[in-house]
Amino acid sequence: MSILEMTKISQEFGGLRAVDAVSLSVSPQEIFGIIGPNGAGKTTLFNIITGIYQPTEGQLLFQDRRIDGMAPYDIARLGIGRTFQNIRLFSKLSVLDNVRVGRFGVTRSGFWSGLLGLPGGRREEKETKSRSMELLEMVDLTDKRHEYAENLAYGEQRRLEIARALALNPSLLLLDEPGAGMNAGEKEELMAFIRRIRDQLNLTIILVEHDMNLVMNICERIAVLDYGRKIAEGTPTQVKNDERVIQSYLGVGA
Amino acid sequence: MLDAFLTQTIDAYYLRIMIFIGINIILALGLNLITGVTGQLSMGHAGFMSLGAYTSAILSTQLDAPFALALLGGALMAAFFGFLIGIPTLRLEGDYLAMVTIGFAEIIRVFFLNFGPGGKAVGLSGIPQETGFTVVWLLVIAVIFLNRQLLNSRVGRSLYAIRENEIAAEACGVNTTRMKVLAFTVGSLLGGLGGGLYSHYMYYINPQDFGFMKSIELLNMVVLGGLGSIPGTVIGVIILTILPEMLRIVDEYRLLFYGALLVILMIFRPNGLLGDVRVYDIRKWWDKRRVKE
């Protein structure tokens, strides 16, 4: 059984075919990597999964439920969390509030409850706060909880984005270049962190990444995209030795 | 009772300014919710104000409705129109939304210019003066309190999130269109409430009271005080309501000074006076200073 099942998904922008009949199947609690040269359609694939784009063709199943055509916020509520390639934090909100907004999709109290401070809403607020604090602890940002998100260092911002995505209690987490801009030591930590949250929270993780060392180390399976097409899929070793992958991405002699 | 006492002890001129400050706070907090908190640039807040002003005035003068009911009617009318135009327009962003809101306010103005029961261009007079210091400031306190409650709640945080980054907000499960319409409706309701208070203070209203300049004046208050901040908005209102009065000394150069002060303030405090100041920041700054000493 797979948690995410993508069948012949295509995405066209005007005349450009950014994603061309890609099929993927991701199993529960797998760490799945998507790699490929710039412009291969990796981020587009993420945007399709999270509902930002409606695919031109194909079908998308999440936990056996069709999600293509659904709005992004509804998809998020089903339990798909994500981070962004170009970090998208709520800059002028505190670190804690960033994570609290992340709880929006799994909490319920509405306008009147907030306005009048009804007991149900207050209880939920307490829970939201304690859960958010737990997540901040996990990403080691507890001390910075009152700072504006924009005042965090780059690596901290990346971690905060992950904490915010985890606040949704997702069963599927999409990480778009989580290692971008990190040094070797930080990447080492990141890999350990990704494995840890997968085990602790029973997550399925799909990540897009350019750092081959990171991808090969952490991913159990990898799909390679080139010009919107899937040119290979398999374990790191299989992908590393694939003729077409070497030709179009890894480079001869790599 | 309090009103009677105040009219005896306080100079009528100052009392008038204080009442205007109160009315402006209610109006500006409505706009703050739309533009400051949710980040949707509205340049037609006076349109909602006039809907509230006219609706409540007509309810009072022609249907003899009690004051509370007239105020409520005006506020609900404004909220209804806020909701109605919010649905199609809040899919627009930034400049486009600003243009639509300007257009909407103009339509409302021209409508009242030709609206028989509203006295057309002559305006509507003989509105009972029900608005007093007590009513206004009790409402101000209630509005500030409820605003605070809302902004500290789940829904309120999602409104800030929309201002900060819409795509990220959606990825957190926020239905951004719905929340924007909500903010617009509540903001318009406050606009209508302020309008009702205004018309029942002035005896007389006419469509020119609610022109484009009024919208801009309200926007100035929110921006000057600090977008999204309740204390900021209150301070912005106080400054921009009192400033023109104080500038009466310089007589015909009044508007020149008013404009120059706005420019200077925006250069030194681009986020508004209190736009990015929180109790936490003040405490941190204070602690740092103490350590230095």
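This is a predicted model: local features need pLDDT of at least 70, side-chain atom pairs count only at pLDDT 80 or more; totals for chains, interfaces and linings use all residues.
Strand β1 (residues 4–13) of chain A pairs with strand β2 (residues 16–26) of chain A over seven bridges, in the antiparallel sense. These two strands form a hairpin with two residues between them, and G14(A) in the turn has a positive phi of about 60°.

L61(A) also has a bridge partner in β5(A), namely R66(A). In β5(A), R65(A) stands opposite F62(A). Strand β4 (residues 57–62) of chain A and β5(A) are paired over two bridges in the antiparallel sense. A hairpin is formed by β4(A) and β5(A), again with two residues between the strands; in its turn, Q63(A) has a positive phi of about 50°.

Which order do the strands of this open sheet follow? The four strands of chain A are arranged as β2-β1-β4-β5, with antiparallel pairing. Because β2 and β5 (65–66) of chain A stand at the edges with a single partner strand each, one side of each is left without a neighbour in the sheet. Helix α1 (residues 42–49) of chain A lies across β1, β2 and β4 of chain A and runs at about 65° to β2(A).

## The six-stranded sheet of chain A

Chain A also contains an open sheet of six strands, in the order β6-β7-β8-β3-β9-β10 and with mixed pairing. The edge positions are held by β6 (80–82) and β10 (229–234) of chain A; each has a single partner strand, so one side of each is left without a neighbour in the sheet. On average, neighbouring strands of this sheet are turned by 20° against each other, direction ignored.

A parallel pairing within chain A joins strand β7 (residues 172–176) to strand β8 (residues 204–208) over five bridges. L174(A) has I206(A) as its bridge partner in β8(A). Helix α10 (residues 243–250) of chain A lies across β3 (31–35), β9 (221–226) and β10 of chain A. The direction of α10(A) is at about 125° to β10(A).

## Overall form of chain B

What makes up the secondary structure of chain B? Chain B has 13 helices and zero strands, and its elements accordingly run from the N terminus as α-α-α-α-α-α-α-α-α-α-α-α-α. The radius of gyration of chain B is 19 Å, close to the 19 Å that the globule rule gives for 293 residues, so chain B is as compact as a globular protein of that length. The C-alpha trace of chain B spans about 60 × 45 × 40 Å along its principal axes.

## Packing of α3 and α5 in chain B

Two packed helices are described by the angle between their axes and the distance between the axes. For helix α3 (residues 45–63) and helix α5 (residues 94–113) of chain B, the angle is about 30° and the axes are 8 Å apart. Angles under 35 degrees count as roughly parallel, and α3(B) and α5(B) are therefore roughly parallel to each other. The crossing in which α3(B) passes α5(B) is left-handed.

Which residues make this contact? From α3(B) come A46(B), G47(B), S50(B), L51(B) and Y54(B), and from α5(B) come F104(B), A105(B), I108(B), R109(B) and F112(B). By class, the contact of α3(B) with α5(B) comprises seven nonpolar, two polar and one charged residues.

## The contact between chains A and B

How many residues does each chain bring to the contact? Chain B contributes 25 residues and chain A contributes 29 residues. On the side of chain B that touches chain A, the elements giving two or more residues are α6 (133–151), α7 (154–164) and α8 (166–171) of chain B. Of the elements on this side, α7(B) gives the most, with eight residues. The residues on the side of chain B that touches chain A divide by class into 13 nonpolar, seven polar and five charged.

Technical notes:
Residues are numbered from 1 along each chain as its sequence is written. Chains are lettered from A and ligands numbered from 1 in the order in which they are written. Two residues are in contact if their C-beta atoms, placed from the backbone, lie within 7 Å. Ala, Val, Leu, Ile, Met, Phe, Trp, Tyr, Cys and Pro count as nonpolar, Asp, Glu, Lys and Arg as charged, and the others, Gly among them, as polar. Axes are lines fitted to C-alpha atoms, for helices over the stretch in contact, and angles run from 0 to 180 degrees between N-to-C directions. Angles under 35 degrees count as roughly parallel, over 145 as roughly antiparallel, 65 to 115 as roughly perpendicular and the rest as oblique. A crossing is left-handed if the near helix is turned anticlockwise from the far one by less than a right angle, and right-handed if clockwise. Two strands pair if DSSP finds at least two bridges between them. The radius of gyration is taken over C-alpha atoms; the globule rule is 2.2 Å times the number of residues to the power 0.38.
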